[in-house]
Amino acid sequence: MSERLTCDVVVVGAGMVGAACALYAARAGLDVALVDRGPVAGGTTGAGEGNLLVSDKAPGPELELTLLSRRLWARVAEELGGAVEYEPKGGVVVASTPEGLTALADFAAGQRAAGVETVDVPADRLHEIEPHLAPELAGAVLYPQDCQVMPTLAAAHLLRASGARLLTGQAVTGVLRTSKGAVRGVRTTGGDLHAPAVVNATGTWGGELAALAGVHLPVLPRRGFVLVTEPLPRRVRHKVYAADYVADVASDSAALGTSPVVEGTAAGPVLIGASRERVGFDRSFSLPVVRALAAGATRMFPFLERVRAMRAYLGFRPYLPDHLPAIGPDPRVPGLFHACGHEGAGIGLATGTGHLIAQVLRGETPELDLAPFRPDRFGREAS
């Protein structure tokens, strides 16, 4: 006699990507259970800034996923009203030198050809869009499609809208397999969940869950800090960052990299980033990193020199070696699907990821080609 199915699909991970996978799978008519060893948004999502960015994506598969996700985010935000604090405020990428501006303009031209809206902003017009920027910058590019949500709220509301059964505080300790090797559910500290499909949406722990199923997925944590100021009147209108931020995101270096990223929030505090370093899951506070963030922010917005920093927090981005997430079915284990490794773009890419996962769960042809995101592209099996 066959085991009684608990549901059609178990999603592991209650961050933004897991929430989106649950939402779109449920809307596709599937019965969904979502399990996490911690609370909703207890990992990378809760430590994020909520960015939905097109501005930092070069033409290619990730940008295509970004544009799909942005369209879906706009629909979700309309459905949920103000609950997710969706703010289509746009982004501004600034260059400090003429050479930097030329490189930025070339990058933006390639993005425009791929469907991104861009507006060149000469130096003498910068203060019309951001009055408090430092003088003597060479120019900028405005990206009207950049948006922001409040990540913990958004994850919670996506889960609520999905109607999925939520099982928090239950760690997954094993992936159940049939005699032929196919997925038949997961084992958790709260009991077994039986389903013919399991979605790995565990972010920085994506490699660990893959290993429980006997496959290799080289997800690594990439630590980043965010500095939070006291509440202020809105003085930073957009997400504003230096042009070298894009290179920092694409870097393979394990060493510390910082580039100034500054944005206001609906609640008043200014958020200041961005740092990246591979130090495992070390949660130690780093004063040199925070100082570097503050220095970069004040060079861009001098008024911040007179503003108090109230706190700093850190999180870990789920990093894969080629900077693309793993999305889709794992051909090594029938019934195992991956939706992880989005690095710092998981909030923005969540809706598109969830939509594509739901399509393949239903046996449909996905809207985007998933070949660049294949989870087995890294080769060797886990031992």
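Student: Which side chain meets that of Asp 31 in a salt bridge?

Tutor: Good place to start! In this predicted model, local features need pLDDT of at least 70 and side-chain atom pairs 80 or more, while totals for chains, interfaces and linings use all residues. Residues are numbered from 1 along each chain as its sequence is written, and side-chain values use heavy atoms, without hydrogens and water. A salt bridge puts a side-chain nitrogen of Lys or Arg within 4 Å of a carboxyl oxygen of Asp or Glu, and at 2.8 Å, N to O, the partner of Asp 31 is Arg 165.

Student: How many residues apart in sequence are the parts that this pair ties together?

Tutor: Helices (H or I, at least four residues) and strands (E, at least two) are DSSP runs, numbered from the N terminus. Asp 31 sits in the loop between helix H1 and strand S2, and Arg 165 in strand S8, so the separation is 134 residues.

Student: Is Glu 343, the partner of Arg 276, buried or exposed?

Tutor: Their closest N and O atoms are 3.7 Å apart. Buried means under 20% relative accessible area, exposed over 50%, and partly exposed in between (1.4 Å probe, protein chains only). Arg 276 has 5% and is buried; with 7%, Glu 343 is also buried.

Student: Which strands do the buried residues of H3 pack against?

Tutor: Those residues are Leu 104, Ala 108 and Gln 111. They share one side of H3 because their arc, taken from the directions from helix axis to C-beta atoms, is only 55°. With contact meaning heavy atoms within 4.5 Å, they pack against strands S4 and S6.
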